[in-house]
Amino acid sequence: MVAKRWPNGVTCPNCGSDHVAYLENARLWKCYGKHERPKFSLKTGTIFEDSPLGLEKWLPVMWLLANCKNGVSSWEIHRGLGVTQKTAWFMLQRARLATQDPETGGKLGGEVEVDETFIGGKARNMHGDVKARKIQGRRGPEGKAIVAAVLERGGKVRAKVVDKRRKSQLQSLVRENVEPGSALYSDALKSYDGLAGEFEHQVIDHAIAYVDGQVHTNGMENFWSLLKRGIRGTYVSVEPYHLFRYVDEQAFRFNNRKLTDAERFDSVMSQVVGKRLTYEELIGSAERSSSPN
Ligand SMILES: [Zn+2]
């Protein structure tokens, strides 16, 4: 892991200097630069920062999240690793941050599908207060959350949680992620009207047929079924304000589907640096988004 994080030699995460010394007994490095907190570890500046848990607990979590097709529940981590379920849940949310798409791959092109779907857990499985919040919370039709995505056929998906199926939201997702001039396929939702000027836009009206030659959104349907299987089967229910983390997780596995398990693990581990999620941030953001504004 040291070699992977610092292939050209260890540098200080704080100032970038390579003038550092390894302190054998403390298993820390010390930077000679003049700044606060000169000592650092492999975990400093990563999603593992300040975690009291060792890498012997963290690495199996990263492996499972990268490779279990339907996701991995905090209860499984709790039983398998001997940490509390609450700790396991926090570990998984931090691990999901590492799966977030760095969007370094540029825009999608060629044949691209755009689609959106509703996601909502069944109320009977929810804990009382969660249920109350969920029913009161402002969400899509019938209390469901909305995920929109664009998918390059044979390539990557970019998926995000949106609050409405408005033209502005769906079309900006397309414009931000798809190369102009690409072939674009969608269903007959009115919000996609007006994209034909910039894209080779063709519509399949699901009231009439699901496939018309090349014109279909079956690639997106495949991604939705993977996402929903994970959320319904493994996680039972996901609160809407955390939904994007599960979308990131599924998109990561989908986008790296052609890799082996070991390569996928390598890939998620290469995305742990420069990201942090504290428990306060995780819970704080939940409280903010569930308030009426
Ligand atoms: Zn330094």
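How many bridges pair S7 and strand S8 (residues 200-204), and in which sense? There are five, and the pairing is parallel. The model behind this is a predicted one, in which local features need pLDDT of at least 70 and side-chain atom pairs count only at pLDDT 80 or more, while totals for chains, interfaces and linings use all residues. Residues are numbered from 1 along each chain as its sequence is written, and side-chain values use heavy atoms, with hydrogens and water left out.

Taken as a whole, the protein has 10 helices and 10 strands; these are DSSP runs (H or I of at least four residues for helices, E of at least two for strands), numbered from the N terminus. Of its 293 residues, 44% count as buried, where buried means under 20% relative accessible area, exposed over 50% and partly exposed in between (1.4 Å probe, protein chains only). Contact here means heavy atoms within 4.5 Å. Among contacts between residues at least 6 apart in sequence, 63% join residues at least 24 apart.

Back to S7, which spans residues 183-187 and is mostly covered, with five of its five residues buried. In a regular strand, side chains alternate between the two faces of the sheet. In S7, Ala183, Tyr185 and Asp187 point one way, Leu184 and Ser186 point the other way, and all are buried. Strand S4 (residues 111-119) also pairs with S7 in the parallel sense, over three bridges; two strands count as paired if DSSP finds at least two bridges between them. Leu184 turns up in both pairings: it is the bridge partner of Val112, and it stands opposite His201 in S8.

A separate open sheet topic concerns S1, S2 and S3, three strands in the order S1-S2-S3 with antiparallel pairing. Strand S1 (20-23) and strand S3 (39-40) stand at the edges with a single partner strand each, so one side of each has no neighbour in the sheet. S1 is joined to S2 by four bridges, and Val20 stands opposite Cys31 in S2. S2 (residues 28-31) is joined to S3 by two bridges, with Lys30 partnered by Lys39. S2 has a covered face, made by Trp29 and Cys31, and an uncovered one, made by Leu28 and Lys30.

Arg37, in the loop between S2 and S3, has a positive phi of about 50° although it is not a glycine. Arg37 is exposed, at 58% relative accessible area. Asp50 sits in the loop between S3 and H2, with a positive phi near 65°. At 56% relative accessibility, Asp50 is exposed too.

Next comes the nonpolar interior. In soluble globular proteins, nonpolar side chains tend to be buried together. A nonpolar core is taken as a set of buried Ala, Val, Leu, Ile, Met, Phe, Trp, Tyr and Cys residues joined through side-chain atoms within 4.5 Å. The largest such core holds 46 residues, of which Met62, Ile77, Val157, Phe223 and Leu243 touch the most other members. Elements supplying at least two residues each include helix H2 (55-67), helix H3 (74-81), helix H4 (85-99), strand S5 (145-152) and helix H7 (218-234). H4 gives the most, with seven residues. Apart from this core lies another, of 16 residues, among them Ile146, Ala148, Leu189 and Phe199.

Leaving aside neighbours within four places in sequence, Ile77 is in contact with Val61, Leu64, Val72, Gly82, Val83, Ala88 and Leu92. H3 and H4 pack at an angle of about 115°, with axes 8 Å apart; axes are lines fitted to C-alpha atoms, for helices over the stretch in contact, and angles run from 0 to 180 degrees between N-to-C directions. Ser74, Trp75, Ile77 and His78 of H3 meet Gln85, Ala88, Trp89 and Leu92 of H4.

H4 also carries Arg96. Is Arg96 buried or exposed? Arg96 is buried, with a relative accessible area of 2%. Beyond neighbours within four places in sequence, Arg96 is in contact with Leu65, Val72, Tyr235, Arg245, Tyr246, Asp248 and Glu249.
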